[in-house]
Structure formats: C-alpha cells, structure tokens
Amino acid sequence: MRLRYTLSRCDLFRAGVRAMLRQRLLLILLIPILAFVWWSTFTWDENRGETLPLRIAEATLAAGMCAGTGILAGVLMVAAQSFLRRDKGVVGEHTLEITDDGLIETTEVNRSLANWRTSFRIRESKRYAHIYISLGSAHVVPMAKPPLEGSVVEFLGELKARIKTSQQGAPPSSGLESRNGESESPKGRHR
C-alpha cells in the first residue's frame with residue numbers, strides 16, 4: 001500500500017508545536033519549576049505584608065508568566081527550525097509504502113526503511129497523523145488536506161494491522177494467503 005503527500009513549512013511548524021506541547025519530559029520538568037516559582041513568589045519577604053488572596057494572585061501570575069515565556073521561546077525555536085531550515089527532502093513530496101520488509105519513506109533526496117521490528121507508535125489528531133519510528137523521529141502526515149495518492153485513513157488502518165501482526169511475532173502477511181494457509185498468486189494456487 002502506498003501514500004503520497006506533500007509537507008509545507010506551515011505543516012512542519014504546526015507539527016513541531018504540537019510535538020513540543022506533548023513532551024512528557026518537558027511537563028515533568030516544568031511542573032516542579034513552576035511550583036518553585038509560585039512558592040518563591042508566595043513566600044517572598046516583600047509579599048508577607050500582603051493579604052493572602054493577593055499573595056496567591058501574584059504567585060500565580062509569576063508562575064504563569066514564567067510558563068508563557070517558556071512556551072513562547074519554544075514556539076519561536078520551532079518557527080525558526082520550520083521556516084529557516086534549508087534541508088532538502090523535509091519540505092515537499094513524501095511517499096510512504098507498506099511492504100513485507102517494513103515501512104519505506106521516500107523523498108527527493110532520501111529513501112529509508114523502518115523494518116517491522118521498529119517500535120512504531122501512531123498518534124492522530126484532527127490535522128495530522130504522526131507515525132513514530134523512534135522516540136524522537138516521526139513521519140508527519142497531513143490529514144486535513146487530500147494526499148496526492150492513496151487514502152490516509154486506509155493507509156493508517158493497514159499500517160496498524162501490520163504493526164499489530166508484527167508485535168504478535170507473526171511475519172507480515174503479503175495479503176496473498178488463502179484461508180487454509182496456502183499461498184495464492186494471481187495465476188492460481190501453489191503449495
């Protein structure tokens with residue numbers, strides 16, 4: 001099965017922001033830092049004479065400003081990476097193929113294979129599907145615009161079935177097996 005689609009710089013930006021906001025490690029680090037900022041502001045010597053609601057509001061505002069500054073810095077970094085990068089093969093046409101060997105991605109400058117032993121993860125949103133082939137590397141597939149070839153929904157369904165089959169230890173099916181285990185070719189059955 002094959003899927004051809006194009007990625008624009010805006011697609012890269014949106015996918016990068018989404019990936020940044022979904023980082024669990026970032027959240028694990030951010031929560032204690034924001035709690036420290038909140039507590040430091042709340043217990044600040046200059047605030048001790050203020051009323052409790054005012055101290056809470058000031059501490060919450062300080063933590064919110066810290067979080068907002070961090071998110072803005074991250075979005076600016078993603079924007080710089082998305083709109084200023086000159087890497088060939090990232091923006092433009094991509095082709096994904098499901099084969100017996102694995103998932104093949106082809107661009108104008110690269111062809112890569114993620115075999116079925118890869119720890120695939122698929123995350124879907126309204127606008128994009130992210131097909132993770134490693135912890136930090138994913139194929140980004142736009143779902144909101146029609147592909148050049150194939151169907152995104154059918155492709156993802158087939159990919160999920162292949163991933164499930166490979167995780168169960170069975171070799172991926174070529175789709176040419178009959179119910180009794182004999183393989184079929186277009187010309188007839190063979191044993």
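Helices (H or I, at least four residues) and strands (E, at least two) are DSSP runs, numbered from the N terminus. I am working with a predicted model, where local features need pLDDT of at least 70 and side-chain atom pairs count only at pLDDT 80 or more, while totals for chains, interfaces and linings use all residues. Residues are numbered from 1 along each chain as its sequence is written, and side-chain values use heavy atoms, with hydrogens and water left out.

**Entry: Phe42**

I found Phe42 in helix α2, which covers residues 24–42. Is Phe42 buried or exposed? Phe42 is buried, because its relative accessible area is 11% (buried means under 20%, exposed over 50%, partly exposed in between, with a 1.4 Å probe and protein chains only). Leaving aside residues up to four places away in sequence, I listed what Phe42 touches: Asn47, Leu52, Arg55, Ile56 and Ala59 (contact means heavy atoms within 4.5 Å). Ala59 sits 17 residues from Phe42 in sequence, yet their C-alpha atoms are 5.1 Å apart.

**Entry: the sheet**

Next I traced an open sheet of four strands, in the order β1-β2-β3-β4 with antiparallel pairing (two strands pair if DSSP finds at least two bridges between them). β1 and β4 (111–115) are the edge strands, each pairing on one side only. From one strand to the next, the twist averages 20 degrees (axes are lines fitted to C-alpha atoms, for helices over the stretch in contact, and angles run from 0 to 180 degrees between N-to-C directions).

How many bridges join β2 to β3? I counted four between β2 (residues 92–98) and β3 (residues 102–106), which run antiparallel. Leu96 has Glu105 in β3 as its bridge partner. Helix α4 (residues 152–167) lies across β1, β2 and β3, at about 40 degrees to β2.

**Entry: the second largest pocket**

I noted a volume of about 170 Å³ for the second largest pocket. My grid rules: on a 1 Å grid over the protein atoms alone, a pocket is an open set of points where a 1.4 Å probe fits, with protein on both sides within 12 Å along at least five of seven lines, and lining residues have an atom within 4 Å of a point. Grid points are joined across faces, edges and corners, and a volume is the space filled by probe spheres set on the points.

Among the residues lining this second largest pocket are Met20, Leu30 and Cys66. α3 gives the most to its lining, with four residues.
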